[in-house]
Amino acid sequence: MANAKQVETSLLTEHLRYTPLTILDDIINTVNLLVNRAVDAVETGLLTADPETLGFAERAAAEHAGREADEYGQDFYPEMRPEIEEGVHKLETLLATNVDRNFDKFEIFALRNIFAVEPDLVPWVRLGHYQDLNLPSPASSDPNITPESLRLLRRKLQETRKLHSALAAEKARNDALLSQLRSLITPQTTKTEPQSSPASMIHSSSTVTAPPDSVLSFLTSTLAART
């Protein structure tokens with residue numbers, strides 16, 4: 001039998017259409033995504049910044065280190081990139097640690113105070129889709145209903161649906177057959193093109209055309225049908 005916490009979680013899941021942990025995980029994942037974007041932006045900004053602005057030129061002058069130039073003739077500091085990458089990594093680790101620690105507290109607080117229902121109120125909560133729904137009490141239920149009888153009813157329902165599908169397909173075939181029979185009973189009449197002679201230009205004749213090719217065309221093409 002489910003305990004009170006499981007019943008509460010089931011109630012909230014049915015009401016919200018998702019588990020309480022789902023929205024908390026989405027919030028934490030969104031924050032982590034924003035942190036990663038911020039760290040990437042910081043790293044890009046530092047790598048593209050002027051080394052003199054970041055103080056590398058002053059430190060090189062204080063250490064009396066020789067200057068190096070890149071292919072464009074600008075001052076190049078080989079220690080700049082490793083130092084920035086190391087600092088960005090430390091920043092990312094610090095932010096991730098703080099996010100994990102603080103959002104663990106947020107998750108505990110939310111599950112205890114936001115996504116929570118008092119245990120005494122759980123039996124009295126009625127969701128909107130259960131409004132005006134009268135459920136039979138266990139005492140008034142049919143004692144003859146067993147799992148075997150339910151399986152038998154499900155099997156009968158499946159067979160009934162199969163029979164309904166077969167009858168619908170048979171009806172469609174019969175409708176097509178009746179349509180072909182009606183075309184044989186009431187043939188179509190079409191007007192012929194006027195002849196080139198002057199007399200035929202005045203009077204137009206109509207001829208009876210044969211029904212379209214079908215599975216019943218043998219009824220009009222055999223000798224018995226002609227006689």
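This protein has eight helices and four strands. The model you are looking at is predicted. Starting at the N terminus, the elements follow the order α-α-α-β-β-α-α-β-α-β-α-α. Of the 227 residues in the protein, 11% are buried.

**Helix H4 on its own**

- Helix H4 covers residues 80-114.
- H4 is built from 35 residues, and 48 Å separate its first C-alpha from its last. That reach is close to the 51 Å expected at 1.5 Å a residue.
- Which residues of H4 are buried? They are Met80, Ile84, Val88, Val99 and Ala110.

**How H2 and H4 pack**

- To describe two packed helices, we use the angle between their axes and the distance between the axes.
- Helix H2 spans residues 20-48, and it packs against H4 at an angle of about 160°. The axes of the two helices are 10 Å apart.
- Are H2 and H4 roughly parallel or roughly antiparallel to each other? Angles over 145 degrees count as roughly antiparallel, and H2 and H4 are therefore roughly antiparallel.
- The crossing of H2 and H4 is right-handed.
- Sorting the residues of the contact of H2 with H4 by type gives 21 nonpolar, two polar and five charged.

- How many aromatic pairs does the count come to? The count comes to one aromatic pair.
- The partners are Phe103 and Phe106, whose ring centres are 5.9 Å apart and whose planes make an angle of 75°. Planes over 60 degrees apart count as edge-to-face, and this pair is edge-to-face.
- Both Phe103 and Phe106 belong to helix H4, where they sit three residues apart, about one turn of the helix.
- An α-helix has 3.6 residues a turn, so residues three or four places apart point the same way.
- Is Phe106 buried or partly exposed? Phe106 has a relative accessible area of 30%, so it is partly exposed. To count as buried, a residue needs a value under 20%.

- You will find His129 in the loop between H4 and helix H5, which runs over 147-185.
- The relative accessibility of His129 is 44%, so this residue counts as partly exposed. A residue counts as exposed over 50%.
- In sequence, His129 and His15 are 114 residues apart. In space, their C-alpha atoms are 9.3 Å apart.

Terms used: Residues are numbered from 1 along each chain as its sequence is written. This is a predicted model: local features need pLDDT of at least 70, side-chain atom pairs count only at pLDDT 80 or more; totals for chains, interfaces and linings use all residues. Side-chain values use heavy atoms; hydrogens and water are left out. Axes are lines fitted to C-alpha atoms, for helices over the stretch in contact, and angles run from 0 to 180 degrees between N-to-C directions. Angles under 35 degrees count as roughly parallel, over 145 as roughly antiparallel, 65 to 115 as roughly perpendicular and the rest as oblique. A crossing is left-handed if the near helix is turned anticlockwise from the far one by less than a right angle, and right-handed if clockwise. Ala, Val, Leu, Ile, Met, Phe, Trp, Tyr, Cys and Pro count as nonpolar, Asp, Glu, Lys and Arg as charged, and the others, Gly among them, as polar. The expected span of a helix is 1.5 Å times one less than its number of residues. Buried means under 20% relative accessible area, exposed over 50%, partly exposed in between (1.4 Å probe, protein chains only). Rings of Phe, Tyr and Trp (its six-membered ring) pair if their centres lie within 6.5 Å; planes under 30 degrees apart count as stacked, over 60 as edge-to-face and the rest as tilted.
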